[in-house]
Amino acid sequence: MPEIKVTPLGAGQDVGRSCILVSIGGKNIMLDCGMHMGYNDDRRFPDFSYITQNGRLTEFLDCVIISHFHLDHCGALPFMSEMVGYDGPIYMTHPTKAICPILLEDFRKITVDKKGETNFFTSQMIKDCMKKVVPLNLHQTVQVDDELEIKAYYAGHVLGAAMVHIKVGSESVVYTGDYNMTPDRHLGAAWIDKCRPDILISESTYATTIRDSKRCRERDFLKKVHESIERGGKVLIPVFALGRAQELCILLETFWERMNLKAPIYFSTGLTEKANHYYKLFITWTNQKIRKTFVQRNMFEFKHIKPFDRSYADNPGPMVVFATPGMLHAGQSLQIFKKWAGNEKNMVIMPGYCVQGTIGHKILNGQRKLEMEGRATLDVKLQVEYMSFSAHADAKGIMQLIRMAEPRNMLLVHGEGAKMVFLKGKIEQEFSIDCYMPANGETATVTTNPSVPVDISLNLLKREMALGGPLPDPKKPRTMHGTLIMKENSLKLVSSEQALKELGLNEHQLRFTCRVQLQDPHSDTDTLHRVYTHLKSVLKGYTIQHLPDGTVMVESIVIKVSSSAEDPNTKVLLLSGVIRTRTWGVFFQPC
Amino acid sequence: MAAHLKKRVYEEFSKVVQVRDQKLRLSKPSKSAALHIDLCKATNSTDALQYLLQFARKPVEAESVEGVVRILLEHYYKETDNSVRLKIASLLGLLTKTQGFVPDCIVDDAISTLSNEKSHQVLAQLLDTLLVIGTQLPESPAIRQRLIEVACKHLSDTYFGVRNKCLQLLGCLGVMDTPLTKENEGPGSRDVQSIISDYFGDQDPRVRTAAIKAMLQLHERGIKIHDIIYEQACRLLSDDYEQVRSAAVQMGWVLSQLYPESIVPIPSSNEEIRLVDDVFGKISHMVSDGSWMVRVQAAKTLGSMLQVSPHFLEQTLDKKLMSDLRRKRTAHERARELFTSGEFSSGRKWADDAPKERLDTNTVNLIASGACGAFVHGLEDEMFEVRIAAVEALCQLAQSSPTFAEKCLDFLVDMFNDEIEEVRLQSIHVLREISTHITLREDQLDTVLAVLEDSSRDIREALHELICYTNVSTKECIQLALLELLKNLNKYPTDRNSVWKCLKFLGSRHPTLVLPLVPELLSTHPYFDTPEPDMDDPAYIAVLVLVFNAAKSCPTMPALFSDHTFRHYAYLRDSLSHLVPPLRLPGNGLDLVDSRCGSGSVESAQLFLQQSLNRVSVIQNLETPGAQDLLDFTIRDLRRLGELQTELAGAADFCATYLRCQLLLMKALQDRLWNMAVPLCLKQNVTATTAAQQILEETYKLEFLYSGLESRQVATIHHVRLQAKALQLVLTARTRQGLDPLISSCEKFLQDIESFQRLFLTELPHLQDSFVDKLLELMPRLSSCKPVEMVRILQTTLRQSSLLHLRLPQQIHRATATIIEPTGESDNPLKFTSGLVVALDIDATLEHVQDPQNTVKVQVLYPDGQSHVIHPKPGDFRKPGPDRHRLITQVYLSHTAWTEPSQIEVRLLLAYSSSSASLSSPSLASKLGWSDSTDSLPPPETAVEGTIPFSKSVKVYIMPKPSRR
């Protein structure tokens with residue numbers, strides 16, 4: 001039985017450094033090639049030595065597929081392709097291809113320039129790596145080689161995120177990457193057709209969470225901002241440059257438009273501007289509203305949101321500022337925070353999770369006095385709000401995707417092990433399919449039952465169809481006669497005549513003969529005639545001939561009469577024919 | 001037969017026919033003949049196809065259809081090319097549709113073509129033709145039976161198109177009772193439903209869809225579908241193809257409506273539930289389908305399943321949250337708790353939504369079973385079409401179930417923040433519709449009111465409308481609403497009227513809640529006099545409107561008013577009487593009058609109206625002394641009644657106008673004038689002419705400005721008009737010398753009488769003894785006599801005819817229009833460069849106007865007498881309520897340079913066309929084109945179309961400046 005093997009090098013019962021090896025139908029595919037945010041040593045990257053101890057990976061991998069541009073999904077790509085060595089094709093969607101190098105370059109800068117690490121990939125390596133990328137379009141089937149084909153589906157999550165359907169022959173695997181089943185302000189929901197893959201490899205970040213409606217959270221967020229602005233306060237929103245930041249921008253921008261607000265919104269420049277440029281370009285990847293309205297106005301061309309300048313922080317009056325980084329641990333957001341913290345009219349909104357030890361984490365936990373460097377303390381008087389916007393599917397979303405795709409097996413990655421156990425149990429219970437959750441380095445093996453395609457000649461099909469009653473009758477399977485020829489890796493079903501012809505064989509006919517004894521006083525010819533008339537009366541609808549040479553033909557069966565030597569009254573009927581009939585004698589019983 | 005027909009066709013080709021108007025005319029060369037010649041000429045299939053295509057572009061007369069069909073069939077048998085045969089088959093279908101052609105004569109031929117056809121496509125097309133024939137002949141059971149047999153025979157075809165068409169045929173023609181195939185075929189004789197249901201499992205999704213559609217078609221034709229197909233239909237809900245699923249949703253719905261109470265088992269358990277609940281659960285499941293078309297369909301369908309049990313209904317809003325396997329409360333639940341605990345909006349803490357108790361992993365149900373959370377999904381859907389459908393469905397279900405309305409409130413309020421305006425608007429409308437069932441909580445009201453700042457006018461107005469109907473629970477809510485409305489007023493001053501109206505209802509709905517707020521609202525102080533607020537401040541007026549309306553049903557409230565409040569009341573009662581109700585104020589002279597007219601019931605007013613009419617009807621003779629006075633007083637009374645009793649304004653006005661017409665007529669026909677010699681009575685002649693003119697105008701107003709008229713009244717109006725015309729004729733005869741114009745106008749008058757007779761044949765018995773009645777008696781004499789004599793007859797009949805008694809219909813409404821914007825108060829001229837245009841925003845409400853898109857025009861009058869008529873785009877009309885329209889449009893003004901600013905007048909016109917309304921002559925109706933700018937309006941007496949100004953004109957100050965060089 002053929003098998004599909006899945007081995008996570010990263011993201012197995014873990015979040016970060018997604019890297020999953022799949023071997024299917026003799027092909028080896030690497031899905032994602034990410035880094036781990038939590039480590040600064042070798043554990044940062046997936047362990048490529050699992051594939052081969054030394055030498056390049058090119059010969060072991062048929063292709064690499066990157067689902068989206070987050071660093072935990074593509075951060076190790078230049079390392080793998082340039083430093084370990086891989087020259088095969090790398091597939092990613094157009095937006096991912098555009099934004100990925102920006103993030104990689106940023107990542108490199110921070111690691112090398114700020115932390116001073118050596119033995120890291122260089123800018124040139126990023127460029128070289130990107131040259132190996134083959135871009136994908138949504139729903140476009142790409143033939144990697146003769147047998148392997150991949151197809152991308154929309155995944156939501158971030159701009160350009162895709163799920164991939166990998167198919168070899170009739171075996172197939174779907175890898176979701178990160179996805180989101182509920183639409184947000186700038187992206188739509190993930191969608192896949194009923195492709196019934198053998199394995200569905202799904203992320204499970206929120207395996208044990210069912211989230212509330214997005215609209216409530218958005219409304220809360222907007223209300224808080226609005227109230228603060230009306231009071232004349234300043235609002236600081238620390239964000240990371242990509243993804244959620246754009247969502248919040250759209251949210252605020254439309255709200256400003258709707259409510260006719262005049263207070264300025266600023267966005268700290270840098271990375272963002274470049275990224276926004278790509279968001280403007282890839283309108284087709286966004287949600288229904290943005291796609292529909294971009295003819296009048298591209299939603300990413302913000303009217304109310306302007307680039308931020310350091311000096312604006314001291315301007316009087318209300319304003320909203322988006323600043324990086326997201327956890328208030330350094331940089332511009334921290335500087336602005338220090339300036340504004342003293343006024344209770346102001347507000348800071350943390351739109352995401354903060355790591356322990358950062359200022360963001362401290363203020364979220366209600367600390368009102370912060371120790372800054374140089375023994376100075378900072379009184380935090382401004383309001384602190386927490387607003388989480390996450391773009392992963394929750395447990396219900398994951399179940400919904402399973403229902404959409406109808407896989408035969410399920411495999412969970414990109415989540416905490418304990419939570420996966422719960423989801424695994426649920427999936428097995430609800431869908432009664434097997435669910436796997438391999439740890440890093442473990443291999444999950446799924447045996448498949450692929451259907452074998454057979455060519456059938458059209459003539460044969462038509463002939464056989466004409467034989468049995470009216471079509472269609474889907475309730476009954478139909479048997480048909482034919483000859484299966486296995487030749488040069490291909491299977492063919494042909495009629496027996498053609499098979500004989502192709503194989504160069506002569507046709508042999510089997511004739512069956514049997515003798516029936518009758519008690520009949522008449523002469524041979526009379527008996528024959530009586531048989532003839534009897535058959536004629538019994539077998540209506542058959543052609544029965546009385547031939548002059550003393551035989552009766554019923555279709556292809558020949559009947560002869562001879563009297564036995566010892567008893568002239570005992571006549572022997574000789575029947576002979578090729579028909580596969582079992583009940584010849586029946587008709588002669590009453591004679 | 002065919003040959004004979006062909007011959008006939010050839011004859012037609014060359015025949016010369018005599019037409020009624022005594023002119024010789026060649027009939028058009030018959031098409032069939034031309035076609036035959038063409039087809040014979042065609043050497044190859046491409047040519048033939050070209051001819052057929054050309055042929056198809058022109059219509060064929062009903063008489064020659066059969067001939068054409070024969071020719072086509074003849075060619076059909078000869079033709080070898082599939083595409084040509086296909087075209088012929090489709091042409092056959094088209095031809096059968098010809099008006100006035102009965103296709104039963106070609107049924108046999110059409111069926112016989114089927115038997116030899118090899119090509120599947122052509123076969124499908126032929127079946128389509130049969131379908132057309134079948135639908136044209138619904139009354140013939142024999143043909144139907146034959147067609148059904150044909151359909152059954154071809155159902156086993158291998159091509160999906162043929163099977164589709166056969167199923168369609170069965171769906172359109174199948175009948176309940178008769179078994180389809182003949183008895184002697186044994187077990188094969190089954191009814192049409194089971195045959196169709198066999199194809200629910202067809203291998204081709206298109207055929208499956210067609211089968212379901214055929215079944216639905218049977219249902220639409222009133223045949224009861226058996227419930228045995230229920231299970232099959234349910235299976236189709238999980239089909240791979242969206243069109244099948246979509247049709248299956250419909251099928252499920254139909255079954256749920258037919259057999260709501262039958263019991264179905266739940267698989268894998270012993271329980272049983274009602275069928276409607278089961279279907280509801282299954283369709284709910286489809287709300288999270290992969291295809292958005294199906295989702296829309298499912299969401300829509302849910303809304304119409306009103307018989308579903310409340311238990312299932314409430315599940316659709318159910319969503320259990322969890323975080324890290326611990327139960328979490330939804331924002332809605334938290335809000336509700338905060339509200340019940342008396343604390344409002346803490347929301348400052350991080351993780352105040354932190355999950356509480358641990359969940360048992362076994363109880364968590366991840367995949368929505370049954371109806372669970374269907375609307376939660378639907379409302380969060382990616383496509384706004386689905387969201388709108390879900391909102392509408394919520395509305396329908398909530399209207400029938402108050403408890404559900406209460407529950408879905410939170411979700412609807414959430415939808416106010418949708419990113420797409422349409423969805424927001426729809427949810428506001430829906431909330432208004434179910435608002436009778438609900439009371440808004442403070443936090444919900446807060447969310448609702450936040451939308452008041454929306455920049456879209458539609459949204460704000462919808463919201464105002466909503467607030468008009470909303471019930472709130474506490475005085476804080478009232479305060480909040482007032483505060484937000486004032487903010488709204490401040491931000492968008494154009495919303496003034498809408499906001500005031502909103503506060504009017506808010507006040508009259510919650511008098512007891514307003515009472516404790518009064519001192520604060522009016523900023524009165526127990527010891528100190530507070531400064532008198534500015535009376536022109538819209539915000540202050542808004543507050544007063546709220547307070548006064550509350551005071552209407554709260555007699556203790558006026559005690560809290562300060563002096564100036566009473567003065568302001570008197571002022572506002574006069575200036576904004578539609579917003580400020582009459583109050584019973586202590587020591588106020590006004591109050592007596594006000595309360596009296598307020599208490600007058602509709603019945604008594606109706607009675608009064610009827611009595612006045614009866615009184616007038618006594619007047620038989622025009623010369624009766626005092627008759628004129630009686631009419632005068634009655635008219636005055638009626639006009640006043642209309643002002644006092646708004647419900648009867650239409651009827652009263654209508655009567656008054658009618659009586660005025662009669663009065664004018666009466667005056668015009670007074671003795672003195674007619675006994676004098678012609679040259680001596682020039683002056684009277686002038687008054688009579690103007691009177692006739694006025695009566696004509698008034699009759700047009702009577703006919704077109706009032707809605708709810710019955711043909712009896714229309715006849716009466718036309719009768720008056722006829723009298724006026726007669727009067728005009730008589731006057732013409734007296735003044736003008738010259739016979740020719742007189743003859744023509746006499747002829748015209750005779751035509752008018754004829755058309756009157758034609759139009760109101762049924763009403764004639766009611767017009768006993770009237771002017772027309774007499775005229776019709778004299779008709780033979782009139783039509784033969786000389787003009788002079790005719791005039792004399794008319795004159796005597798006119799003077800002898802009695803006053804026609806007016807009978808009132810049930811409901812008469814007068815079309816009215818009020819221009820809200822421009823207000824005409826601005827002193828700042830609208831400046832623009834001459835030669836260029838300036839856009840003027842017009843905002844008006846129209847009441848009781850039928851078909852405003854076609855009838856309402858905007859007229860702009862310039863000081864130099866120039867007038868422009870602009871017809872607004874159909875999209876500029878909105879319909880906020882029954883019999884109410886709102887016109888929000890822009891008109892473009894332009895003029896040459898003026899030296900100083902001056903006023904232009906803007907008013908609304910109601911265009912009418914008597915031709916389209918009564919005479920219904922197509923040639924006149926087609927003339928209804930309105931040019932953008934007509935320098936003078938067509939005078940109503942000569943043209944059959946005209947306009948009635950039906951709004952007060954508003955003056956706008958404009959100043960076209962000379963362009964700078």
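This is a predicted model: local features need pLDDT of at least 70, side-chain atom pairs count only at pLDDT 80 or more; totals for chains, interfaces and linings use all residues.
1. Between chain B and chain A the count is six salt bridges, a salt bridge being a side-chain nitrogen of Lys or Arg within 4 Å of a carboxyl oxygen of Asp or Glu. One pairing of this kind joins A:Lys223 to B:Asp446, with the closest N and O atoms 3.0 Å apart.

2. Side-chain values use heavy atoms, with hydrogens and water left out, residues are numbered from 1 along each chain as its sequence is written, and chains are lettered from A and ligands numbered from 1 in the order in which they are written.

3. In the chain pairing, 62 residues of chain B are in contact with 59 residues of chain A, contact meaning heavy atoms within 4.5 Å. The buried area, which is the accessible area (1.4 Å probe) that two parts lose on being put together, summed over both, is about 5200 Å² here, and carbon and sulfur atoms give 48% of it.

4. Within chain A, the centres of domain 1 and domain 2, taken over C-alpha atoms, are separated by 30 Å; the domain bounds come from an automatic or database domain assignment. These two domains of chain A bury about 2000 Å² between them, of which 71% comes from carbon and sulfur atoms. On the domain 1 side, A:Leu159, A:Arg185 and A:His186 lose the most area to domain 2, together 39% of what that side buries.

5. Across this domain interface the rule finds one salt bridge, and the side chains of A:Arg185 and A:Glu218 meet in a salt bridge at 2.9 Å, N to O. Five residue pairs are in polar contact between domain 1 and domain 2 of chain A, both at pLDDT 80 or more.

6. A:Asn180 counts as buried because its relative accessibility is 1%, buried meaning under 20% relative accessible area, exposed over 50% and partly exposed in between (1.4 Å probe, protein chains only). The side chain of A:Asn180 reaches the backbone oxygen of A:Thr182 at 3.1 Å. Beyond its neighbours within four places in sequence, the contacts of A:Asn180 include A:His157, A:Arg211, A:Lys214 and A:His392.

Terms used. A polar contact is a pair of N or O atoms within 3.5 Å; within protein, one must be able to donate a hydrogen and the other to accept it, and residues adjacent in sequence count only if both atoms are side-chain atoms.
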